[in-house]
Amino acid sequence: EEHGTFDVVFVLGLLYHLDAPDVFRFVRQVRELCSGVVIIDTLISIDSVETVNYDGQAYCGRRHREHADEDSPETRRERVLKSIDNTLSFRFTRESLVRAVEDAGFSSVVECHTPREPDKAIDRATFAATGKTRVPIHT
């Protein structure tokens, strides 16, 4: 609210550090401040190990441990590539992430395959989402 809306929002390497229900609220907040395109680059779950329910919808994925339950705040802060606050995080399957973005209010979601990233991990994906009304996207 303080800064208004943005034409382009980048969510790079953040989603997979959030647990449910925070990840769903975050995606909806991004939708509220994005007037154009959001680019999401995140780790995903290749297989569906568990289902998380949010707002009457079921989303598949896998929880990952960020920290041990007994880790001190100092230990958590030392792990620079982990969440500070979350002990666990939720990684969506590809299909569930697309649905979560759509359910948040984006009308068009596409997975990006260009530019080619030959060394990109199989469990990493990049998506672009836009719009309040459906728009055909040709790639």
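Biologist: Which residues of α1 are buried?

Modeller: Keep in mind that this is a predicted model. Buried here means under 20% relative accessible area. In α1, the residues that qualify are Val23, Phe24, Val27, Val30 and Arg31.

Biologist: Why do they sit on the same side of α1, and what arc do they cover?

Modeller: Look down the axis of α1 and follow the buried residues Val23, Phe24, Val27, Val30 and Arg31. They end up on the same side of the helix because the arc they cover is only 120°.

Biologist: What do the buried residues of α1 pack against?

Modeller: Strands make up part of the list: β1, β2, β3 (50–54), β4 and β5. There is a helix among the partners too, and that is α3.

Biologist: How far apart are the end C-alpha atoms of α1?

Modeller: The helix has twelve residues, and at 1.5 Å a residue it should span 16 Å. The model agrees with that, the distance between the end C-alpha atoms being 17 Å.

Biologist: Turning to α3, what arc do its buried residues fall within?

Modeller: The helix runs over residues 94–103, and its buried residues are Ser96, Leu97, Ala100 and Val101. Seen down the axis they line one face of α3, because they fall within an arc of 135°.

Biologist: What covers that face, and which residue with a positive phi follows α3?

Modeller: The cover over the buried residues of α3 includes the helix α1 (22–33) and the strands β2 (34–43), β4 (57–65), β5 (88–92), β6 (108–111) and β7 (124–130). After α3 comes a residue with a positive phi, near 120°, and that is Gly105.

Biologist: Now for salt bridges: which residue meets Asp19 in one, and how many residues apart in sequence are the parts that the pair ties together?

Modeller: The structure holds twelve salt bridges, and one of them joins the side chains of Asp19 and Arg63 at 2.8 Å, N to O. Asp19 lies in the loop between β1 and α1 while Arg63 is in strand β4, so the parts that the pair ties together are 44 residues apart.

Biologist: What separates Arg25 and Asp22 along α1?

Modeller: These two form a salt bridge with the closest N and O atoms 2.4 Å apart. Arg25 is partly exposed at 39% relative accessible area, and Asp22 is partly exposed at 33%. Being three residues apart in helix α1, they are separated by about one helical turn.

Biologist: Which residues are linked in a network of salt bridges with Asp41?

Modeller: Start with the salt bridge between the side chains of Asp41 and Arg124, at 2.6 Å, N to O. That pair links distant parts of the chain, strand β2 and strand β7, 83 residues apart. Asp41 is buried at 14% relative accessibility, whereas Arg124 is partly exposed at 24%. The network links Asp41 with Glu117, Lys120 and Arg124.

Biologist: Which strand gives the most to the nonpolar patch on the surface?

Modeller: The patch is formed by Val8, Phe10, Leu12 and Val37, with about 370 Å² of accessible area together. Val8, for one, is found in strand β1 and counts as partly exposed at 42% relative accessibility. With three residues in the patch, the strand that gives the most is β1.

Methods:
Residues are numbered from 1 along each chain as its sequence is written. This is a predicted model: local features need pLDDT of at least 70, side-chain atom pairs count only at pLDDT 80 or more; totals for chains, interfaces and linings use all residues. Side-chain values use heavy atoms; hydrogens and water are left out. Buried means under 20% relative accessible area, exposed over 50%, partly exposed in between (1.4 Å probe, protein chains only). Helices (H or I, at least four residues) and strands (E, at least two) are DSSP runs, numbered from the N terminus. The arc is that of the directions from the helix axis to the C-beta atoms. Contact means heavy atoms within 4.5 Å. Patches are made of residues with over 30% relative accessible area and no salt bridge: like charges are joined within 9 Å, nonpolar side chains (Val, Leu, Ile, Met, Phe, Trp, Tyr) within 5 Å. Accessible areas come from the Shrake-Rupley method with a 1.4 Å probe; for residues, only the protein chains shown count as cover. A salt bridge is a side-chain nitrogen of Lys or Arg within 4 Å of a carboxyl oxygen of Asp or Glu. The expected span of a helix is 1.5 Å times one less than its number of residues.
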